[in-house]
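Visitor: I would like to learn how to read this model. Please take me through it feature by feature.

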Amino acid sequence: MTDPASTENASHANNEATDTSIFEQRESNVQTYARSFPVIFEQARGAVLTDADGEHYLDFLAGAGSLNYGHNHPVLRDALIAYIQGDGIAHGLDMHTRAKADFLAAFEAKILEPRGLDYVLQFTGPTGANAVEAAMKLARKVTGRQNIVHFTNGFHGVTLGALAATGNSHHRGGAGMTIPGGTAMPYEGYLGEAMDTTEYLDKVLADNSSGVDLPAAVIVETVQGEGGLNVASFDWLRNLQAVCRRHQVLLIVDDIQAGCGRTGTFFSFEPAGIEPDIVTLSKSLSGFGLPFAVTLLRRELDQWAPGEHNGTFRGNNHAFVTATAAIDTFWQDGEFAAEVRRKSDDLAARLDAIAASRPGLQRKGRGLMQGLACADGETAKRITRHCFEHGLVIETGGPEGEVIKCLVPLTITDEELQRGLAVLERAVHAILPREGVIGLAPTNP
Ligand code: PLP
């Protein structure tokens with residue numbers, strides 16, 4: 001086994017980790033991440049993944065933002081083990097359970113009340129797309145309108161309902177049908193820096209000849225995760241909320257990727273001072289990588305009839321336990337969030353330095369949701385492949401996969417963060433020649 005402190009030079013002497021034939025034979029072609037990281041992972045702790053040959057990898061993907069507190073955080077793990085060993089309810093449909101009561105109480109006391117928020121929680125099916133579906137359905141039911149405005153490069157999941165608000169044609173194409181019910185509008189910066197695209201939205205909504213039906217809701221990510229780390233400014237978000245209020249359109253913030261502390265506050269919209277009508281959370285909500293999603297509703301909007309939107313797996317009791325432990329451990333006070341912001345500044349500084357070292361690179365994102373935009377997807381892919389060969393799991397996003405995303409666990413140590421960024425820097429230098437230097441040997445930046 002290699003030293004966990006050194007994730008480089010995976011040798012795979014045993015080759016158990018690289019025998020992926022069972023997956024090729026039996027698993028659907030639809031798999032994605034496995035193609036970028038073609039080894040068999042066996043264990044994980046904190047920010048380190050270990051494969052079947054005992055090789056270690058630093059994890060800058062963190063379950064696509066589902067492992068904000070790292071893999072197998074001992075406090076969360078021990079809470080879950082104690083609950084299971086005590087024969088705690090594992091599956092309870094949507095019945096009252098002690099685990100759910102504890103989660104609701106912790107969420108109320110440590111997340112909602114300190115922020116002056118009074119949302120009702122709807123437990124949806126366990127994935128992010130389920131939370132989005134519930135949000136969009138409820139907005140339509142409450143307003144009696146059908147259209148949902150979403151934004152260019154937005155991503156909200158791949159079920160048919162959520163696809164109505166997802167921009168990416170690759171994902172939309174997978175539906176096998178045209179998807180009604182959504183209108184795409186330009187996100188901030190889509191039409192250049194000078195244009196405030198909320199003004200365009202305002203005009204379109206005010207004009208009954210614009211061709212855009214007055215929507216039930218506008219759904220937005222404050223930082224577009226899959227769309228390539230595009231950041232909405234706080235001004236733009238405030239303007240968006242004002243436009244929604246002016247036209248009596250509900251504002252849904254999809255905080256599935258940017259929420260749960262990823263941008264340095266529990267909700268990503270906090271620094272903008274806005275108060276969305278509906279918020280979706282999933283990914284890191286359980287804190288342990290367990291499937292779990294909620295849709296937060298302004299109290300007056302909770303107009304569901306009992307069972308009108310249901311599902312067998314609403315409310316994962318094991319996830320309630322780990323989510324409660326995560327809230328109690330990380331969100332009692334502002335200390336953890338302050339640490340995330342400090343690490344975000346470190347990440348930004350190092351990414352700026354890497355970007356400045358080669359032409360055609362640009363830092364993007366906010367908080368611990370930042371990365372490097374490359375000239376094209378092929379360059380980004382070559383860089384991330386090089387990273388993986390040197391012990392770093394890191395993925396790309398954006399319409400062409402051109403943005404390298406550092407979605408590190410928020411609990412990553414400073415040493416791990418810098419070590420991973422050093423791997424990224426060396427990969428960038430190996431793949432991209434210095435300005436004006438053609439044919440530089442890849443291993444000699
Ligand atoms: N919304 C956002 C902002 C996301 O980033 C994602 C997934 O990446 C989803 C929704 C869909 O979540 P899930 O994949 O759990 O359905």
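Guide: Start with strand pairing. Strand β3 and strand β15 (residues 392-393) run parallel and are joined by two bridges. Two strands pair if DSSP finds at least two bridges between them. Strands are DSSP runs of E with at least two residues, helices are runs of H or I with at least four, and both are numbered from the N terminus. Within this pair, Asp-59 stands opposite Val-393 of β15.

Visitor: What should I know about the model itself?

Guide: It is predicted: local features need pLDDT of at least 70, side-chain atom pairs count only at pLDDT 80 or more, and totals for chains, interfaces and linings use all residues. Residues are numbered from 1 along each chain as its sequence is written, and side-chain values use heavy atoms, with hydrogens and water left out.

Visitor: In which sense do β2 and β3 pair?

Guide: Antiparallel, over three bridges, with β2 spanning residues 48-51. Thr-50 stands opposite His-56 in β3. The hairpin of β2 and β3 has four residues between the strands, and Gly-54 there takes a positive phi near 85°.

Visitor: Are the faces of β3 covered or open?

Guide: Both are covered. Buried means under 20% relative accessible area, exposed over 50%, and partly exposed in between, using a 1.4 Å probe and protein chains only. In β3 (residues 56-59), His-56 and Leu-58 are buried on one side, Tyr-57 and Asp-59 on the other.

Visitor: Which strands pair with β17?

Guide: Strand β14 (residues 369-373) runs antiparallel to β17, with four bridges. Strand β16 (residues 395-397) is also antiparallel to β17, with three bridges. Val-403 in β17 is the bridge partner of Ala-373 and of Gly-397. The β16 and β17 hairpin has five residues between its strands, and Gly-398 in the turn has a positive phi of about 95°. Both faces of β17 (residues 403-406) are covered: Val-403 and Lys-405 are buried on one side, Ile-404 and Cys-406 on the other.

Visitor: What do the side chains of Gln-241 and Gln-224 reach?

Guide: Look for polar contacts: pairs of N or O atoms within 3.5 Å. Within protein, one must be able to donate a hydrogen and the other to accept it, and residues adjacent in sequence count only if both atoms are side-chain atoms. Gln-241 is in helix α10 (residues 234-246) and is buried at 12% relative accessible area. A polar atom of its side chain lies 2.8 Å from the backbone nitrogen of Glu-275. Gln-224 is in strand β8 (residues 223-224) and is buried at 2%. Its side chain reaches the backbone oxygen of Thr-152 at 2.9 Å.

Visitor: Which protein atoms lie 2.8 Å, 2.9 Å and 3.0 Å from an oxygen atom of the ligand?

Guide: A backbone N or O atom of Gly-128 lies at 2.8 Å. A polar backbone atom of Ala-129 is at 2.9 Å. A polar side-chain atom of Lys-283 is at 3.0 Å.

Visitor: What divides the lining of the largest cavity?

Guide: Residue class: eight nonpolar, one polar and no charged. Ala, Val, Leu, Ile, Met, Phe, Trp, Tyr, Cys and Pro count as nonpolar, Asp, Glu, Lys and Arg as charged, and the others, Gly among them, as polar. A cavity is a set of points, on a 1 Å grid over the protein atoms alone, where a 1.4 Å probe fits but cannot get out; lining residues have an atom within 4 Å of a point. Those lining the largest cavity include Tyr-69, Cys-260, Ser-284 and Trp-331.

Terms used: On a 1 Å grid over the protein atoms alone, a cavity is a set of points where a 1.4 Å probe fits but cannot get out, and a pocket is an open set with protein on both sides within 12 Å along at least five of seven lines; lining residues have an atom within 4 Å of a point.
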